[in-house]
Amino acid sequence: MSEKDDLIQYLLRLGDTALIQGQRLCEWCGGAPAVEEELALMNVGLDLVGQSRNWLEYAAELLADGRDADHLAFRRDERAYRNLLLVEQPNGDYAVTMTKQFLFDAWHLQVLHGLSTSSDARIAGIAAKAVKEVTYHLRRSGEWVERLGDGTEESHARMLKAVDKVWRFTVELTAGDEVEQRLFEAGIAPDPSEVASAWHSKVADQFARATLPLPAPASHFYLSGRQGLHSEHLGLLLAEMQFLQRAYPDATW
């Protein structure tokens, strides 16, 4: 693959992951445990959707096939998405939602820190702006992990179940691939091994504060978001998210 092809794939990974995580958070609208939490979740979700647009717009320009960011978001099928498996998993209860968010945020912030010094000026600019938003995201989700993990007997038990439920999907957060390695060597993307190490340190520290045991590193299995091999949950999410554009293509308000 050429460097351009690698970059397109990487931008789709970033854009798709932020979009799907934002969509999951917005599913809490009208159902969050408190008004303040609903507002916070919607703000985080909208931050991620905005970041997704920036990445997908850049990808669309490089693809140069007539598609724009909206087309990439609402017209691609499940197998064309490149998001992390973790973010497409259902929200579950609040323990699952915040566990997913924290594990994602801890990875996301490290990636963005690396991208903010990218040799690609456009990537560096997008990442530098996003770092400010995701720093808050991580602080907030980390506080919730600690609050629930080191809270009541019930909240601790729910956190244990939440970690057990989603941990296997963290394998993609710590295992880079050839695309990421080539972009790192080109000075465009961060070192995958450094991202993995920093993610593990942050998670280990936060879990210790939350009195949660740190599971053994997750192992590879047959699914891969990078390759478009998703869990059954993504198709259902896209069916809802893409309904209007699919039903009324190119509609204007």
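Rings of Phe, Tyr and Trp (for Trp, its six-membered ring) pair if their centres lie within 6.5 Å; planes under 30 degrees apart count as stacked, over 60 as edge-to-face and the rest as tilted. By that rule, F102, W167, W199 and F207 form one aromatic cluster.

A word on the model: it is predicted, so local features need pLDDT of at least 70 and side-chain atom pairs count only at pLDDT 80 or more, while totals for chains, interfaces and linings use all residues. Residues are numbered from 1 along each chain as its sequence is written, and side-chain values use heavy atoms, leaving out hydrogens and water.

The whole structure holds eight aromatic pairs. Here are two of them:

| Pair | Centre to centre | Angle between planes | Type |
|---|---|---|---|
| W28 and Y94 | 5.3 Å | 85 degrees | edge-to-face |
| W167 and F207 | 6.2 Å | 50 degrees | tilted |

Helices here are DSSP runs (H or I, at least four residues), numbered from the N terminus. Both W28 and Y94 are buried, meaning under 20% relative accessible area, where exposed is over 50% and partly exposed lies in between (1.4 Å probe, protein chains only). W167 is buried too, at 9%, and F207 is buried at 1%.

Now to D191, in the loop between helix 9 (178–185) and helix 10 (192–209). The D191 side chain makes a polar contact with that of S193 at 2.8 Å; such a contact is a pair of N or O atoms within 3.5 Å, where one must be able to donate a hydrogen and the other to accept it, and residues adjacent in sequence count only if both atoms are side-chain atoms.

Note on methods:
Helices (H or I, at least four residues) and strands (E, at least two) are DSSP runs, numbered from the N terminus.
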